[in-house]
Amino acid sequence: EQGREDRSRFFLYLIAATVCLVVSSVVLVTIIFLVFLGPADPTEAPTASPSAVPTQAPTKLSFFESMEYLTREAISSPEQLLNTSSPQYLAVEFVSFDDFDLAAPFPAGSIRWNQRFALAVFYFSTNGDTWYTCFRGDVNCQGVWIEGDECSWKGVTCVDGVVTGLSFASQRGNGLYGTLPSELSLLRDLKDIALTSEALFSTVPESFGEMSNLESLIISNTPMTGTVPDSLISNRPRMRSILLSNNEFSGPMPSFRNMGELATLFFDSNHFTGSILTELGSLQSLRFLRFFGNELEGTIPPQIFELTLLQELFVDDNKLNGLLSPQVSRLKDLKRLTMSNNTFTGPIPGSLGVLSDLERVSLENNKFFGRLPPGLSYLHGLRILSLANNMFTGTIPSGLAQMTRLNNLTLDRNDFIGAIPKSLCGRLGTTAFSLKELAVDCREVFCTCCTCS
C-alpha cells in the first residue's frame with residue numbers, strides 16, 4: 001500500500017515538473033520573439049487585421065546575417081562593423097532596415113545587396129549628408145541617394161538593375177569629402193568610374209583591382225596619395241581610358257601589360273618617379289599620352305615611337321634627358337608634342353618636318369642645340385612653336401613664314417644671329433591665323449616687330 005502511494009506521489013511530481021518546463025519554454029520563446037522578432041516600437045498597437053506586407057522581423061534577421069557575411073568574407077573589418085558611427089555600420093543599417101526591398105529582401109551577398117551596401121558605404125565615407133546636391137532628403141533632386149532604387153541615384157548608371165557606372169566628375173565632385181572605401185570593389189560589373197574632389201583624402205584601395213570589368217577610370221583633381229596598384233591597371237584588355245591627372249600619387253608607374261584597347265592614358269601632374277616603361281610600346285591603340293608634371297627620369301624609350309596612332313605626347317616638366325629620336329617621324333598622326341622643362345639635348349631631327357598634322361611643338365627650357373632644320377617650314381598646320389631657352393644657333397629660317405597658321409613663335413634665350421625675315425613680321429596681326437607672338441633676343445637678332453628679351 002505504501003509503495004502504491006509513493007508511486008502516485010512520484011507521478012504527480014513528474015507531471016508538475018513537466019508542466020513547469022512547458023510553461024518556462026513558452027515564456028522563454030515569448031521573450032525571444034518580443035526581443036528579436038517583435039515590432040520595432042513596443043508601444044505600437046497591433047493592426048486590426050494581418051498586413052499583406054511582411055513585418056520588420058526578416059529585415060532585423062538580415063542585419064545580423066549581413067554582419068556575419070561581411071565578416072566571413074573579410075569585406076569589412078570587425079572593428080568597422082562594431083563601430084556604430086562607421087560608414088560600414090551605417091550602410092548595414094540602411095540595407096537592413098530600408099523598406100525598398102521589404103516585400104522580397106535581397107539576400108546578403110546577392111548582386112543587388114552588394115551594390116546597395118557598397119554605394120551606401122561610399123555615401124557615408126564621403127559625408128553624403130553634406131554633398132552639394134542629391135544628399136539624403138534633398139527635395140530639389142530627382143536622384144536622391146539612400147532612398148529607393150539605387151539605380152535611380154544621381155551619378156549611378158545601371159543596366160538591367162546592375163550598376164555599371166559611378167560618376168562624380170562635375171561640380172567639383174558634388175562636394176565629396178572623406179575617403180574612398182574598399183567596399184566599392186563589390187561593384188564587380190562596374191565599367192566606368194569618374195571621381196573628382198578637392199577633399200577626397202585616401203589612397204587607392206588595393207581591392208579596386210577586383211573590379212575586373214573596368215573600361216574607363218578617372219580620378220582627377222584630388223589630394224589622393226600613395227601608389228597606384230598594378231592590379232588596378234594591368235591585364236585589362238577592355239580598358240579604354242585612364243585619367244589620373246592632378247593628384248598626389250607617387251612611386252613608380254604601374255605595369256601596362258595586356259591593355260590592347262587603351263586609347264587614353266593621363267598620368268600627369270602627380271609625383272611619379274622612375275622611368276617611362278618600355279612596355280608602353282605594346283599599347284597599339286594609344287592616341288593620347290600625358291606624363292607631364294612628374295619626377296620621371298631617363299630617356300624616352302624607342303618603343304614609344306612605335307605607337308603609330310599617337311596624337312598627343314606630353315612629357316614636359318620632368319627630369320628626362322637624351323635626344324629627340326628621328327624615329328618621331330613614325331608618329332604620322334601626331335598633333336601635339338610637348339617636351340619642355342627637362343634636360344633633353346641634341347638637334348631637332350629633320351624628320352620632324354614630315355609630321356604634317358602637327359599643331360604644337362613645345363621644346364623650351366631644355367638643352368637642344370644646332371641649327372633649325374629647314375623641314376620645319378613644311379609644318380603648315382603648326383600653331384605654336386616654342387623653342388625658348390635652349391642653345392640653338394645660326395640664322396632664323398625665312399621658311400618659317402610659310403607656316404600660315406602659326407600664332408606663337410618664341411625663339412628667345414638662344415644663340416641665334418642675323419635678322420628676323422620681313423616675311424615673318426608681315427604675318428603679325430590679330431586675325432585667327434595671324435602671328436600674335438614673336439619673341440627673340442633683340443641684342444643678337446635684329447627685329448623691328450618682335451617682343452624682345
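## A buried cysteine and its partner

Let's start with Cys450, which counts as buried because its relative accessibility is 15% (buried means under 20% relative accessible area, exposed over 50%, and partly exposed in between, using a 1.4 Å probe and protein chains only). Cys447 is buried too, at 14% relative accessibility. These two cysteines form a disulfide, with 1.9 Å between their sulfur atoms (a disulfide is a pair of cysteine sulfur atoms within 2.5 Å). The torsion about the S-S bond of Cys447 and Cys450 is about 80°, so this disulfide is right-handed.

## What you're looking at

This is a predicted model, where local features need pLDDT of at least 70 and side-chain atom pairs count only at pLDDT 80 or more, while totals for chains, interfaces and linings use all residues. Residues are numbered from 1 along each chain as its sequence is written, and side-chain values use heavy atoms, with hydrogens and water left out.

## Two left-handed links

How is the disulfide of Cys442 and Cys452 handed? The torsion about its S-S bond is about -80°, so the disulfide is left-handed. This pair links distant parts of the chain, ten residues apart: Cys442 sits in the loop between β24 (437-440) and β25 (445-446), and Cys452 is in strand β26 (residues 451-452). (Helices are DSSP runs of H or I with at least four residues, strands are runs of E with at least two, and both are numbered from the N terminus.) From sulfur to sulfur, the Cys442 to Cys452 link spans 1.8 Å. Cys442 is partly exposed at 24% relative accessibility, and Cys452 is partly exposed as well, with a relative accessible area of 46%.

Now for Cys151 and Cys158, whose sulfur atoms lie 2.1 Å apart in a disulfide. The link of Cys151 and Cys158 is left-handed, with -85° about the S-S bond. Cys151 counts as partly exposed because its relative accessibility is 21%, and Cys158 gets that label with 23%.

If you number the bonded cysteines of the protein chain in sequence order, the pairing reads 1-2, 3-4, 5-8, 6-10, 7-9.

## A well-covered helix

Helix α5 (residues 111-125) has 15 residues. From its first C-alpha to its last, α5 reaches 21 Å, close to the 21 Å expected at 1.5 Å a residue (the expected span is 1.5 Å times one less than the number of residues). Is α5 mostly covered or mostly uncovered? It's mostly covered, as 13 of its 15 residues are buried.

Here's a handy bit of background: an α-helix has 3.6 residues a turn, so residues three or four places apart point the same way. After α5 comes Asn127, which has a positive phi near 55°.

## Positive phi in the loops

Which loop holds Asn258? Asn258 is in the one between β9 (248-252) and β10 (264-266). Its phi is positive, about 55°, although Asn258 is not a glycine. Asn258 counts as partly exposed because its relative accessibility is 44%.

Asp317 has a positive phi near 60°, and it is a residue other than glycine. With a relative accessible area of 34%, Asp317 is partly exposed.
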